[in-house]
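Student: I have a structure open and would like to go through it. Can we take it piece by piece?

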Amino acid sequence: MKVYQCDQCEYASVSNKYRCPSCRTGQLQEQDVSSKGSVYSYTNIHIAPAEFAHLAPYTVALIQLDESKAKVTARTDGNVEIGDVAELDYVEDGAYIYRKC
């Protein structure tokens, strides 16, 4: 998985930006890190927006990556709890789909 780490501060993200939005002076450097992490937070979606209604009910989790300060917003393939270990299963239409390990 690619993450973008600021060369001037601790900011990290899975999306690239022209300049660091945190310190506003640094440039983001691309790094390859493991997709493995742990569930930082999650919510169960029962009533989804129209474009995701066919997926409901589903779970959206914030995954703290093990090898980076970046967090990934992901859909999970089942129920999760805070602290569960999870790993990227696949990417679908630009959405990260994680599975509990």
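Student: Where is Pro57 placed?
Tutor: Pro57 lies in the loop between strand E4 (37-45) and strand E5 (58-65). Strands here (E, at least two residues) and helices (H or I, at least four residues) are DSSP runs, numbered from the N terminus. This is a predicted model, in which local features need pLDDT of at least 70, side-chain atom pairs count only at pLDDT 80 or more, and totals for chains, interfaces and linings use all residues. Residues are numbered from 1 along each chain as its sequence is written, and side-chain values use heavy atoms, with hydrogens and water left out.

Student: And which peptide bond is cis?
Tutor: The one that joins Ala56 and Pro57, with omega at about -5 degrees.

Student: Back up a bit. How many helices and strands are there?
Tutor: The protein has 0 helices and 8 strands. Along the sequence the pattern is β-β-β-β-β-β-β-β.

Student: In what order do strands form the open sheet?
Tutor: The order is E2-E1-E3, an open sheet of 3 strands with antiparallel pairing. Two strands pair if DSSP finds at least two bridges between them.

Student: Which strands stand at the edges?
Tutor: E2 and E3 do; each has a single partner strand, so one side of each is left without a neighbour in the sheet.

Student: How many bridges pair E1 with E2?
Tutor: Strand E1 (residues 2-6) pairs with E2 over 2 bridges, in the antiparallel sense. Gln5 stands opposite Ala12 in E2.

Student: New topic. What is the phi of Arg24?
Tutor: About 65 degrees, a positive value although Arg24 is not a glycine. Arg24 sits in the loop between strand E2 (12-13) and strand E3 (28-32).

Student: Is Arg24 buried or exposed?
Tutor: Arg24 counts as exposed, because its relative accessibility is 64%. The cut-offs are under 20% relative accessible area for buried and over 50% for exposed, with partly exposed in between (1.4 Å probe, protein chains only).

Student: What about Asp93, where is that placed?
Tutor: Asp93 is in the loop between strand E7 (85-92) and strand E8 (95-100). Asp93 has a positive phi of about 50 degrees and is not a glycine. At 82% relative accessibility, Asp93 counts as exposed.

Student: What percentage of the protein's residues count as buried?
Tutor: Of its 101 residues, 32%.

Student: Last one: what does the C-alpha trace span?
Tutor: About 40 × 30 × 20 Å along the principal axes.
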